[in-house]
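User: Hi! I would like to go through this model with you and learn what stands behind some of the labels.

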Amino acid sequence: MITFHEIADRVYLATEPMLRVNVTLVVGDGQALVIDTLSIDDHARQLLEGVRTVTPYPLTLVNTHHHFDHSFGNAVLSADGAPIWGHETAARHLRERGPVLQRGWYEEALPSDLAFADALGRVTIVPPGHTFHTESTLDVGGRAVTLRHLGLGHTDGDLVAEIPDAAVVVAGDLIEEGAAPGFGDAYPISWPDTLAGLLALVGPSTRVVPGHGTVVDLGFVRAQHDELTALSWLIREGHRDGADPAQVAAKASLTRFGERGLIEAQHAVTRGFLELDAAL
Ligand SMILES: [Zn+2]
């Protein structure tokens with residue numbers, strides 16, 4: 001079972017131990033909302049078990065973006081017909097490219113974890129059936145939860161969920177704690193502007209739930225905004241000078257996260273160059 005703890009008034013957080021993915025549970029009067037659904041059926045079942053220790057209420061689901069670790073639990077969690085919300089672009093990725101993406105993630109997991117890869121390959125993809133373009137506010141048993149798409153960032157279909165009555169903002173993988181942000185599908189030149197939009201929602205006492213890792217605050221979001229801004233300028237300069245992408249990546253501060261950080265920096269430079277060429 002995946003265990004929740006309360007981080008604000010009737011807002012609960014659970015962190016899946018393997019990939020440190022965060023799931024946020026918001027409980028209102030007679031209804032509850034689960035933000036992100038984890039990866040494989042087994043994790044999703046453990047998540048549902050954890051949810052049911054907190055609330056018996058009918059669920060609405062949200063995916064912060066289309067990546068498997070945030071959306072592949074949809075089938076298990078929506079088995080009783082729970083509606084699923086996501087940004088229109090995230091939903092489109094899962095609807096139109098789901099099996100291709102699934103194959104890629106299966107192959108990525110295969111060398112390190114055969115059982116996990118196998119389980120990923122068996123997931124039934126269920127795309128969000130409820131989508132929005134810029135903003136949509138849900139009524140979760142009398143509590144407002146606002147979903148916003150703030151622009152291109154970790155993907156082209158990220159959403160952030162704001163629970164204003166609890167001063168909580170769920171940022172998905174637009175914010176990453178304890179590891180390098182993921183750039184495999186990212187828009188490194190636009191991401192800082194999107195984080196500026198996120199910063200406008202964060203006050204001194206706001207709790208910000210990152211896609212992975214521990215809950216962070218305004219200072220952390222500012223620092224990540226600064227780091228991604230510096231990275232975007234490093235990429236712009238490298239692009240202007242016609243520099244070798246590998247050499248640009250080696251200069252990125254993300255290399256402080258070791259080998260994984262260097263890989264993400266390389267993705268960032270490759271994707272950033274394409275973004276600057278208007279080729280993404
Ligand atoms: Zn992601």
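User: Why is His239 called partly exposed?

Analyst: Happy to go through it, and keep in mind that this is a predicted model. The relative accessible area of His239 is 27%. Buried means under 20% and exposed means over 50%, so a residue at 27% is partly exposed. His239 sits in helix 7, residues 218-240.

User: What does His239 touch, leaving out residues up to four places away in sequence?

Analyst: Its contacts are Phe273, Leu276 and Asp277. Leu174, in contrast, is 65 residues from His239 in sequence, with 24 Å between the C-alpha atoms.

User: And Gly238, what makes that residue buried?

Analyst: Gly238 has a relative accessible area of 6%. The cut-off for buried is under 20%, so Gly238 counts as buried. Gly238 also belongs to helix 7, and it touches Ala243, Val248 and Phe273 when residues up to four places away in sequence are not counted. From Gly238 to Ala249 there are 11 residues in sequence and 9.4 Å in space, C-alpha to C-alpha.

User: Which other residues of helix 7 are buried, and what do they pack against?

Analyst: Among them are Leu218, Val221, Leu228, Leu231 and Ile235. The buried residues of helix 7 pack against strand 11, helix 6 (191-199), strand 12 (207-212), helix 8 (245-250) and helix 9. Helix 7 has 23 residues and reaches 33 Å from its first C-alpha to its last, close to the 33 Å expected. After helix 7 comes Gly242, with a positive phi near 65 degrees.

User: How do you know that the span of helix 1 agrees with what a helix should give?

Analyst: Helix 1 covers residues 41-54, which is 14 residues. At 1.5 Å a residue they should span 20 Å, and the end C-alpha atoms are 20 Å apart, so the two agree.

User: Which residues of helix 1 are buried, and why are they said to be on the same side?

Analyst: The buried ones are His43, Ala44, Leu47, Gly50 and Val51. They cover an arc of only 120 degrees around the axis, which puts them on the same side of helix 1. What covers them includes strand 2 (11-16), strand 3 (21-27), strand 4 (32-35), strand 5 (59-62), helix 3 (74-77) and helix 5 (114-122).

User: Asp36 and Ala167 are next on my list. Buried or exposed, or in between?

Analyst: Asp36 has a relative accessible area of 2%; buried means under 20%, so Asp36 is buried. Asp36 lies in the loop between strand 4 and helix 1, and Ala167 in the loop between strand 10 (160-163) and strand 11. Asp36 has a positive phi of about 80 degrees although it is not a glycine. Ala167, not a glycine either, has a positive phi of about 50 degrees.

User: How many residues line the largest pocket, and which lie nearest its centre?

Analyst: There are 29 lining residues, and Phe68, Asp69, Glu108, Arg260 and Glu264 lie nearest the centre. Helix 4 gives the largest share of the lining, five residues. By kind, the lining divides into 12 nonpolar, eight polar and nine charged residues. The space in this pocket is about 930 Å³.

Definitions and conventions: Residues numbered from 1 in each chain as written. Predicted model: local features only at pLDDT ≥ 70, side-chain atom pairs only at ≥ 80, totals over all residues. Heavy atoms only, no water. Helix = DSSP H or I, 4+ residues; strand = E, 2+ residues; numbered from the N terminus. Expected span 1.5 Å × (residues − 1). Buried < 20%, exposed > 50% of the residue type's maximum accessible area, 1.4 Å probe, protein only. Arc of directions from axis to C-beta. Contact = heavy atoms within 4.5 Å. 1 Å grid on protein atoms, 1.4 Å probe; cavity = no way out; pocket = protein on both sides within 12 Å on 5 of 7 lines; lining within 4 Å. Points joined across faces, edges and corners; volume = space filled by probe spheres on them. Nonpolar A, V, L, I, M, F, W, Y, C, P; charged D, E, K, R; others polar.
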